Amino acid sequence: MSITIERAQPADLEAVRQLLQRSQLPLDGLDAAHLLLLVARRDGAILGCAGLELYSDAALLRSVAVDTTARGQGLGQRLTAAALDLARTYGVQRVYLLTETADGFFPRCGFRPIERDQVEAVIRTSVEWTHSCPASARVMLWQAAQPASRSD
């Protein structure tokens, strides 16, 4: 059966927690009201997840994880793309992330490294920024494509 990506249900939270623990990713803020959580599912089993914390027209991508049994199949890219699509539907123009181990992965999904002082203040209020990720974590940014300006 194929893998589907969909919004997580409350009953999925424990499986997501276990996946994040196995992936050595932070659990802080996982139950925050402003977190939109996606899961990748096959035959009812959760194989991956991605979270998007919404902050007006900016967001923080977090908790992108793929079970070891499903790695190497492009699922991480699919989850990231689905999270970015979700961001667009909410009018988000900028998506930030913090990573200690995946700074080679996210550029393939349209992210680029930036300096910590370039992150807008609202993102710096997130639990990931303030508590979960060390100051050594790499910061990356994805920006929505701007429509081409017309020259009449």
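1. Start with the largest pocket: 30 residues line it, and Leu25, Val64, Thr101, Ala102 and Phe106 are the ones nearest its centre. A pocket here is found on a 1 Å grid over the protein atoms alone: it is an open set of points where a 1.4 Å probe fits, with protein on both sides within 12 Å along at least five of seven lines, and lining residues have an atom within 4 Å of a point. Keep in mind that this is a predicted model, where local features need pLDDT of at least 70, side-chain atom pairs count only at pLDDT 80 or more, and totals for chains, interfaces and linings use all residues. Residues are numbered from 1 along each chain as its sequence is written, and side-chain values use heavy atoms, with hydrogens and water left out.

2. How much space lies in the largest pocket? About 690 Å³, where the volume is the space filled by probe spheres set on the grid points, which are joined across faces, edges and corners. Strand E4 (58-66), helix H2 (75-89), strand E5 (94-99) and helix H3 (127-132) each give the lining at least two residues, and E4 has the largest share, with 6. Helices (H or I, at least four residues) and strands (E, at least two) are DSSP runs, numbered from the N terminus.

3. By type, the lining of the largest pocket splits into 14 nonpolar, 11 polar and 5 charged residues. Ala, Val, Leu, Ile, Met, Phe, Trp, Tyr, Cys and Pro count as nonpolar, Asp, Glu, Lys and Arg as charged, and the others, Gly among them, as polar.

4. Now look at strand E3 (45-55). E3 is largely enclosed by the rest of the structure, because 10 of its 11 residues are buried. Buried means under 20% relative accessible area, exposed over 50%, and partly exposed in between (1.4 Å probe, protein chains only).

5. E3 runs antiparallel to E2, joined by 8 bridges, and Leu36 has Leu52 of E3 as its bridge partner. Two strands pair if DSSP finds at least two bridges between them.

6. Gln24, in the loop between helix H1 (13-22) and strand E2 (35-42), has a positive phi of about 60° although it is not a glycine. Is Gln24 buried or exposed? Gln24 is exposed, with a relative accessible area of 74%.

7. Ala40 sits in strand E2 and is buried, at 0% relative accessibility. Leaving aside neighbours within four places in sequence, its contacts (heavy atoms within 4.5 Å) include Ile3, Ile5, Leu47 and Leu79.

8. Last, the cysteines. A disulfide is a covalent bond between the sulfur atoms of two cysteines; the cut-off used here is a pair of sulfur atoms within 2.5 Å. The structure holds 0 of them. Cys109 is in no disulfide, and the nearest cysteine sulfur, that of Cys49, is 14 Å away. Cys49 is buried at 0% relative accessible area, and Cys109 counts as buried at 14%.
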